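Here is a short tour of one protein and its ligand. Take a look at the sequence and the 3D view, then read on.

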Amino acid sequence: MNLMIDITEMKPQHVNEVYSISEEAFPLPWAKDELVRETVNPNALNLVALHEGKVVGYVQCWYTLDSADIINVAVASAYKRQGVGHRLVRDLILHLKERNVENVFLEVRVSNLPAQRLYKSMGFITLSKRERYYVNGEDALVMNLQI
Ligand SMILES: CC(C)(COP(=O)(O)OP(=O)(O)OC[C@H]1O[C@@H](n2cnc3c(N)ncnc32)[C@H](O)[C@@H]1OP(=O)(O)O)[C@@H](O)C(=O)NCCC(=O)NCCS
C-alpha cells in the first residue's frame with residue numbers, strides 16, 4: 001500500500017535529512033551547502049516527500065524554457081517500494097507543466113533497473129546511451145518524457 005505523504009518544495013531546513021538519504025543512495029552525494037544553494041536557484045525545482053514530518057525522499061531538477069532535467073531522485077531505504085518515488089516524479093511533472101515545460105530528460109545507470117522501471121512506468125522512453133558517463137566508467141541511458 002502507498003505511504004501517506006505530503007510533497008513540498010525543498011527548503012534549507014530539509015537539507016540535513018535530504019543529505020542523509022543521498023549519502024545512502026549515491027556514491028558521490030552533493031555537499032550540504034550545494035543542496036542549500038539549490039533551494040534558491042531560480043532554475044531549479046526541488047521537492048521533498050514528508051511522512052509524519054520526516055523527509056523520506058526527494059527529487060531535484062533543473063529547467064530552462066521548455067526543457068527540464070531530473071538531476072537526482074532518491075527514497076530512504078526503509079520507505080522504498082511504497083509509491084514515494086512515483087509521487088515525487090509525478091508531482092514534479094505537474095509543477096513543470098505549470099511552468100510550460102514540454103520535455104523532461106534524465107540520465108540513469110544502465111544497471112539501475114529499479115529506477116528505469118519507475119521512469120518507464122511513467123511513460124519515459126529511452127532516447128540514447130551515453131558511454132562511460134559515470135565516474136566508474138558505467139554507461140548512462142538518456143530517457144525522455146514529453147509532457
Ligand atoms: C529508484 C527509487 C527512487 C524508486 O523509489 P521508490 O519509492 O522505491 O519507487 P516506487 O515505490 O514509487 O515504485 C514505483 C515503480 O518503480 C518500479 N520499481 C521501484 N523499485 C523497484 C525495484 N527495486 N525493483 C523493480 N522495480 C522497481 C516499479 O515499477 C514500481 O511500481 P510497483 O511497486 O507498483 O511495482 C529508489 O529505488 C531509490 O532511491 N534508489 C536509489 C537512488 C537512485 O537510484 N535514484 C535514481 C537515479 S537515476
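How many residues lie between β3 and β4 in their hairpin?

## The hairpin

β3 and β4 form a hairpin with 2 residues between them. In the turn, Leu65 has a positive phi of about 50°. Strands and helices here are DSSP runs numbered from the N terminus (E, at least two residues, for strands; H or I, at least four, for helices).

This is a predicted model, where local features need pLDDT of at least 70 and side-chain atom pairs count only at pLDDT 80 or more, while totals for chains, interfaces and linings use all residues. Residues are numbered from 1 along each chain as its sequence is written, and side-chain values use heavy atoms, leaving out hydrogens and water.

## β4 and its partners

Strand β3 (residues 54–64) runs antiparallel to β4, and 8 bridges join the two; strands pair if DSSP finds at least two bridges between them. Tyr58 stands opposite Ala74 in β4.

β4 is also joined to β5, this time in parallel, by 4 bridges. Here Ile70 has Leu106 in β5 as its bridge partner.

## Around the ligand

Now follow β4 to the ligand: β4 (67–75), α3 (84–98), β5 (103–109) and α4 (113–121) each supply at least two residues of the shell around it. The largest share, 5 residues, comes from α4.

There are 20 residues around the ligand, and Val73, Arg81, Gly83, Gly85 and Asn112 come nearest. A residue counts as near if one of its heavy atoms lies within 4 Å.

Oxygen atoms of the ligand lie 2.8 Å from a backbone N or O atom of Val75, 2.7 Å from a polar backbone atom of Arg81 and 2.8 Å from a polar backbone atom of Gly83. Taken alone the ligand exposes 920 Å², and the protein buries 76% of that (Shrake-Rupley method, 1.4 Å probe).

Definitions and conventions. Polar contact = N/O pair within 3.5 Å; in protein donor to acceptor, adjacent residues only side chain to side chain.
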